[in-house]
Amino acid sequence: MTTLLLRRALALLGRALLVVWVTATVVFLALRAAGGDPVEAVLGGPGSQAGPEAVAAAREQYGLDLPLWQQYLRQMWAVATLDLGDSYARRTPVATLIGDQLAATAVLAISALVLAWLLALAVTLVAAPAAASTRPGAAGWLARGAAGVLRGGEIVASVLPHFLLGALLVVIFAVDLGWFPATSTPGSVLGLVLPTVTLAVPLAGFLGQLLAEGLVEAERAPFATTARARGGTRVGVLLRHTLRHAATPTVALTGWAFGFLISGAVVVEVLFARPGLGRLLVDATLQRDVPVVIGGVVVIAVAYVLLTVVVEVVEALLDPRLRRTRSAAAGAARAGTTQGSAT
Amino acid sequence: MRASATGLIASLTLVLAACSGGTTDPADPAGSTDASDATSGTASGGTLVYATGDAEPTCLDPHVGGNYPQALLASQVLEPLLQRDAEGTITPGLAQEWEVSEDGLTLTLTLAERTFTDGTPVDAEAVAANIAHLQDPDTGSSTGYLAVAKVSEVEAADERTAVLHLSEPDAALLESLTQPWTAIQSPAGLERGMEENCLAPIGTGPFVVAGWTPQQQVDLVRNEDYVPAGADAPQPAALDAITWRFVPDAATRHAALISGEVHVIDNPQPDQIVAAQADEAITHLDAPRPGSVNRIELNGGQAPFDDVAVREAFIRAAGPNPGIETLFAGVAERSYSPLASVEPTAISDPDLFGTDLEAAAALLDEAGWSETDAEGYRTRDGERLTVRFPVSTNQSVAAEQSLFQQIQANAAQVGFEVILEPMDLGSWYAALGANEYEAVSAPYTKVGPDVLRILYHSDSIEPAPSGYFANHAQLDDPALDALLEEASATQDEAARADLMAQAQEIVLASYSILPLYDQQNHFLVRGAQGVTAAGGVSTPSFASATLG
């Protein structure tokens, strides 16, 4: 039992290290391939016309005069020793810069994830029984029609670009109605509303579609038939049995949703002038501030790995089968996940 | 915890203010809950909120690096030795008198009696410390470094007299010393080291840096002892404070202005300016930047634009006027000069830039680009007439990028294939450094006509150690070089203006540039009065601004 746990922990650690190393390497190479000289970041941005002495001094200070492979090794060593180094542009430790922005993005991402789940569940709970309505006549048509509208709404929501949705929300709720500020400062609850909604609505669209699909599948399953045969009402069966079953692959996709939230945070943070990791990464990338970009990406990669662990635990809680035959069932669940995400 | 609570109260106040309909005070955006203004009869100065679309500086000390976003903020906190008025005349700054020697090799500055906000005096030693700071390679100065490159020694003749000794005459030095990038800071502040000085440079300006929350805002508070240039007693600003917010998205900035979250925005879009002009609640401040205009430069260093006939053909075909009128909604006026309209020595020659497709076609025929390929583009010896045009999406607004597309379509009519390549700033500079361009648009801000020397002297074809070079047109004309050098050395203002006029004529007649319009520098103000644009590079001034 202990050896099994240890082996799992080691495997997880190995996976985490691999993810971090690969992402850091890709980022390092991509930044260099994108052109532009990092020394410009040290000297006040691209196109600086600093004198030769200043350029030489900056190159030496940050090791930019070394061959590329040595710079790469230095950067990887820095990551390995958890010393993310100093920002070229701001000359302050990368860890401090990221630390200052992390909370703002975490608050935004978590609130958006929670809202997305609530929205998806709410729509599903309304739409699923309505879609399955067997009432005769107009009432039945109306119920099924309403369900169709909600389903269509989910599809529209899932393809809404963040910048468009955000801009619409600003015009309506900040300019016309004046209910919420157009810009968002951390610590302001009202300021968090529009960015959260912007980030949550497309995600809710995705999650809702996945839930609906899982429900259709679950309702055909023998346990659902049995539950109904024992006299369970449609909503009762939904709440107690099928929804739980349908949620499993959707929870598994939360790891993917994390990536969606981070890339969305970049847009949302710029749009609402909100500090955060996304905006930090955009600025640092434009400046070729290599240590900041690598540090930021490493932090995101680590968070992703941790989230995967959390997701596996939640999956196991939702689906008792996973707790017993852990490895086999996890494989099966993931296969199901892949299927789900392909739609 | 306390910070978040303050933020919550602030946003609550804000929304309540917005909900109340804006009849009284449309916004007290910082939510300043000073009880004093309610009890005392005189209204408190309040906190003005400024939303900038320029990039957030990485260092608030404009000596480090030295770009326009730094100038915007630094000019609230620091003051330069000299200033320049709207007519281009040099006026007193921290120096109340100045004298250039006949040989042009010494500049004697007599300092006004001023105190830095840390209590130390502005003296000749401070001037020496600042020049040394700009010239120190560890500072990493680019703009300020260039401005004082010819200063070889600063002599503190007495406490109030600083004598700058030059290695060679520099007619542009007075103008250079009006720029925010050479502003004077407390030597004690500089001695704290770069990291600390970047967070809060110490100067003599109307405001003082109280705090900087990266990616969010810089907090400025009033300098109670502020003495404006030319005055001899403190005249502090009316405002208590300025919240300087970084709001990168133009639509969000405008929404924040309309909804009363902020009082002043910069970089508004043309349609927002037009809407503002019709809105009585909003004041529009049009303050074009000095130095060069926005222009398209044609790379004469390689084919096909090494042939003046091909350059002229492109310019005759480009036809930018309708685009400028519609895309900029009348807020940008077409320029026919290499220099900004605010430069007194600028000369224009509209005749050189008339659109004439037939003439363009004839010029291309003559130059040997007479064949046409299957796609309608001209060829010569089987090679297509291609113009690579890298566009920096960080420096070009949407309207300008649309204008480039119109020019692309116009030039295609006579057989040019213009390839617009949108890219980020780093890639853009890399493309220029690798000579992978035939046309490019690059802004450049500097006070005075000496910008011509930076942009068009053949020395500027040689890249700086950082890879940057300013002469994108790659103009290499000994006669032009000689004029620019002479202008740089002359002490006679009239002679200098004449030399600069001749230099501009050469630049224009070479068909190396297509001038478009002044560097757009607009500000929209709502709920505040007395905001002006001043300083050498048209940054906004809040020294006499009030809210309400």
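A salt bridge is a side-chain nitrogen of Lys or Arg within 4 Å of a carboxyl oxygen of Asp or Glu. By that rule, a search of the whole structure, which is a predicted model, turns up 17 salt bridges over all chains.

**Contact between chain B and chain A**

- Chain B gives 52 residues to the contact, and chain A gives 52 residues.
- The size of an interface is often given as the accessible area lost when the parts come together.
- Two salt bridges are found across the interface of chain B and chain A.
- One salt bridge joins Arg90(A) to Glu56(B), with 3.9 Å between the closest N and O atoms. This pair counts because the cut-off is 4 Å.
- Between chain B and chain A there are also twelve residue pairs in polar contact, both residues being at pLDDT 80 or more.
- On the side of chain B that touches chain A, the elements giving two or more residues are helix 1 (2-19), helix 5 (143-147), helix 8 (194-199), strand 10 (241-246), helix 9 (250-258) and helix 15 of chain B.
- Helix 1 of chain B gives the most to that side, with nine residues.
- Sorted by class, the side of chain B that touches chain A holds 28 nonpolar, 17 polar and seven charged residues.
- Asp424(B) and Arg288(A) form a salt bridge in which the closest N and O atoms are 3.0 Å apart.
- This pair crosses between chains: Asp424(B) is in the loop between strand 18 (417-423) and helix 15 (425-433) of chain B, while Arg288(A) is in the loop between helix 12 (277-287) and helix 13 (290-318) of chain A.
- Side chains of opposite charge can pair when their charged atoms come close.

**Two domains within chain B**

- The domain assignment divides chain B into domain 1 (47-287 + 522-547) and domain 2 (293-518).
- In the contact between them, domain 1 of chain B supplies 27 residues and domain 2 of chain B supplies 21 residues.
- The centres of the two domains, taken over C-alpha atoms, are 31 Å apart.
- Arg84(B) and Glu343(B) meet in a salt bridge through their side chains, at 3.2 Å from N to O.
- On the side of domain 1 that touches domain 2, helix 6 (173-176) and helix 10 (270-277) of chain B are the elements that give two or more residues.
- Helix 10 of chain B gives the most to this side, with four residues.
- By class, this side of domain 1 has twelve nonpolar, nine polar and six charged residues.

**Annotated spans from UniProt**

- In an unreviewed entry, UniProt annotates residues 89-456 of chain B as "domain: Solute-binding protein family".
- That span of chain B is 29% helix and 23% strand, and its end C-alpha atoms lie 24 Å apart.
- For chain A, UniProt (unreviewed entry) lists residues 12-31, 102-128, 159-180, 192-212, 250-272 and 292-318 under "transmembrane region".
- Residues 12-31 of chain A are 100% helix and 0% strand, with end C-alpha atoms 28 Å apart.
- Residues 292-318 of chain A are 100% helix and 0% strand, with end C-alpha atoms 38 Å apart.

Key
Residues are numbered from 1 along each chain as its sequence is written. Chains are lettered from A and ligands numbered from 1 in the order in which they are written. This is a predicted model: local features need pLDDT of at least 70, side-chain atom pairs count only at pLDDT 80 or more; totals for chains, interfaces and linings use all residues. Side-chain values use heavy atoms; hydrogens and water are left out. Domain bounds come from an automatic or database domain assignment. Contact means heavy atoms within 4.5 Å. Ala, Val, Leu, Ile, Met, Phe, Trp, Tyr, Cys and Pro count as nonpolar, Asp, Glu, Lys and Arg as charged, and the others, Gly among them, as polar. UniProt positions are given in the numbering used here, feature names are shortened, and annotations may be inferred rather than shown by experiment. A polar contact is a pair of N or O atoms within 3.5 Å; within protein, one must be able to donate a hydrogen and the other to accept it, and residues adjacent in sequence count only if both atoms are side-chain atoms.
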